[in-house]
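Welcome! Have the sequence and the 3D view ready, try each exercise, and then compare your steps with the worked solution.

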Amino acid sequence: MTNPLSQSGRPGQGLPTPPSGWPIGSYPTYAEAQRAVDYLSDEEFSVQDVTIVGVDLMQVERVLGRLTWPKVIGGGIVSGAWLGVFLGLVLGIFSENIFGALLIGVGGGIIFGLISASIPYAATKGQRDFASSMQLVAGRYDVLCEPRTAEKARELLAKLSI
């Protein structure tokens with residue numbers, strides 16, 4: 001994937017605009033659509049004329065597991081300790097006693113981690129006792145191409161077996 005904020009020289013780049021072009025392929029997964037565009041690139045086709053469009057977008061929340069107070073507290077301690085190690089090492093650079101700075105950093109990090117993990121979990125009052133991750137996925141991925149080169153792209157993709 002590329003940075004959506006980078007300037008590529010395409011008209012309207014950076015502003016939301018509907019995709020344009022003729023369909024040259026439709027694929028059930030993003031990986032297959034990406035493979036098709038990579039194949040076109042390998043065949044020295046002008047891929048700057050190509051766009052991959054996710055169709056039938058869905059927001060999918062995948063449940064990772066149940067949250068309990070021990071898991072929340074343990075996660076807060078671990079993440080806080082790592083932050084504390086980093087801060088302790090940074091403080092240790094400017095201190096004569098690096099082990100003291102590291103100890104203070106880890107202790108402070110653990111306290112910060114406990115607070116920053118416990119307060120949001122307590123605020124849910126048991127209404128959300130699970131961890132999850134959100135994804136935006138498409139039902140299919142269409143590959144579009146500018147009309148001036150679409151026919152050649154279709155011919156090349158006909159040789160690709162996905």
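## Exercise 1: Getting to know E44

E44 sits in the loop between α1 and β2. Before going on, note that this is a predicted model, where local features need pLDDT of at least 70, side-chain atom pairs count only at pLDDT 80 or more, and totals for chains, interfaces and linings use all residues. Residues are numbered from 1 along each chain as its sequence is written, and side-chain values use heavy atoms, with hydrogens and water left out.

Solution. 
- Step 1. Buried means under 20% relative accessible area, exposed over 50%, and partly exposed in between (1.4 Å probe, protein chains only).
- Step 2. Patches are built from residues with over 30% relative accessible area and no salt bridge, joining like charges within 9 Å and nonpolar side chains (Val, Leu, Ile, Met, Phe, Trp, Tyr) within 5 Å. The areas come from the Shrake-Rupley method with a 1.4 Å probe, and for residues only the protein chains shown count as cover.
- Step 3. Look at the backbone too: phi of E44 is near 65°, a positive value in a residue other than glycine.

## Exercise 2: The whole chain

Task: Work out in which order the elements run from the N terminus.

Solution. 
- Step 1. Helices (H or I, at least four residues) and strands (E, at least two) are DSSP runs, numbered from the N terminus.
- Step 2. The protein chain has four helices and three strands.
- Step 3. Starting at the N terminus, the order is β-α-β-α-α-β-α.
- Step 4. With a radius of gyration of 25 Å, well over the 15 Å from the globule rule for 162 residues, the protein chain is more spread out than a compact globule. The radius is taken over C-alpha atoms, and the rule is 2.2 Å times the number of residues to the power 0.38.
- Step 5. Of the 162 residues, 24% count as buried.

## Exercise 3: A nonpolar patch

Task: Find which helix gives the largest share of the nonpolar patch.

Solution. 
- Step 1. The patch covers about 750 Å² and is made by L83, F86, L87, V90, I93, F94 and F112.
- Step 2. Helix α2 (residues 69-93) supplies the largest share, five residues.
- Step 3. Take F86 in helix α2: at 53% relative accessibility, F86 counts as exposed.

## Exercise 4: Salt bridges

Task: Find which parts of the chain the pair R148 and D49 ties together.

Solution. 
- Step 1. A salt bridge is a side-chain nitrogen of Lys or Arg within 4 Å of a carboxyl oxygen of Asp or Glu. By this rule there are five salt bridges.
- Step 2. R148 and D49 form one of them, at 2.9 Å from N to O.
- Step 3. R148 lies in helix α4 (residues 147-159) and D49 in the loop between α1 and β2, so the pair links parts 99 residues apart in sequence.
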